[in-house]
Amino acid sequence: MKKLLLIIPVVVCAVAAHGQFLLKAGLSAATTATDNPDGSDLKEQLKAGFLAGAGYQLTFGNFAVQPELLFVQKGSTVKSSFVDGPVSIHETTKVTLNYLELPVLFKYMFGPDALRIFVNAGPSFAVGLSGKGSYEASTDLGNGPVIENYNFKIKFENEPEGYEGNDLYIENKTDVGLQLGGGVIVADKIMIDLRYGLGFSDWGNEKNTKNRALQLSVGILLGR
């Protein structure tokens, strides 16, 4: 009898629920939240990227759980300036970070089947894959500017001992965060999703640097 009482809710939930696969792609506008202890004038700007992947929406009436597996680009464009009398230093660093990301979203939906509105939120877990960047600097110590610029690769691994090149090695591969947002589902087939990702993990080796990303995607729901 006790086993039966435990089984009944599971069966009811399974009958009431239905699942749909999701294929999606979109754009990201990313930046970073960075501590700046050296006193320079630092400005963070959005870095455009893209995302693509798949998910599964399991619906229980007006509620749903939606895990996804995505390729996502994050990063930032950082400009810093330091001026002290005749001395001036102006730097621009552009960084693109490639992640494999697993968000698990909890959704509430309302409205007619033709146009359902939803809000969602949930944790995300990401692993760094690779990246690239560029650096430009103009340094004037009072006798004219000196220009420096180069491109570099980003590798999510420990820096080799004695390395003296320009590539950036990031020791922390993981990025744990929170995503929240909303969107619409048209005719139970087309999903338009806008969300904000708030990273909690530091990826900067020397500064407190966390990912921030605004994502806009369009997806197709398959199955019923």
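## Leucine 222

Leucine 222 counts as partly exposed because its relative accessibility is 39%, a value that falls between the 20% limit for buried and the 50% limit for exposed. The model in which this value was computed is a predicted one. Leucine 222 belongs to strand 11, which covers residues 209-222.

Leaving aside residues up to four places away in sequence, leucine 222 touches Gln20, Phe21 and Leu23. Glutamine 57 is 165 residues from leucine 222 along the chain, yet their C-alpha atoms are separated by 9.7 Å.

Strand 11 pairs with strand 10 in the antiparallel sense, over 10 bridges. Within this pair, leucine 194 stands opposite leucine 216 of strand 11.

Strand 10 (residues 190-202) is also joined to strand 9 (residues 174-186), again running antiparallel, and here too the number of bridges is 10. Leucine 198 in strand 10 has leucine 178 opposite. Side chains in a regular strand alternate between the two faces of the sheet.

## The turn between strands 9 and 10

The hairpin formed by strand 9 and strand 10 has 3 residues between the strands. Alanine 187 lies in this loop, and its phi is near 55°, a positive value in a residue other than glycine. Most residues other than glycine have a negative phi. Aspartate 188, also placed in the loop between strand 9 and strand 10, has a positive phi as well, near 60°.

Alanine 187 has a relative accessibility of 48% and therefore counts as partly exposed; the value stays below the limit for exposed, which requires over 50%.

## The protein as a whole

The protein contains 1 helix and 11 strands.

Of the 224 residues in the protein, 36% count as buried. The accessible surface comes to about 12,500 Å², and carbon and sulfur atoms hold 64% of that area. Among contacts with a separation of 6 or more, 64% are between residues 24 or more positions apart.

Conventions:
Residues numbered from 1 in each chain as written. Predicted model: local features only at pLDDT ≥ 70, side-chain atom pairs only at ≥ 80, totals over all residues. Heavy atoms only, no water. Helix = DSSP H or I, 4+ residues; strand = E, 2+ residues; numbered from the N terminus. Buried < 20%, exposed > 50% of the residue type's maximum accessible area, 1.4 Å probe, protein only. Contact = heavy atoms within 4.5 Å. Pairing = 2+ DSSP bridges. Areas by Shrake-Rupley, 256 points an atom, 1.4 Å probe, with all protein chains shown as cover.
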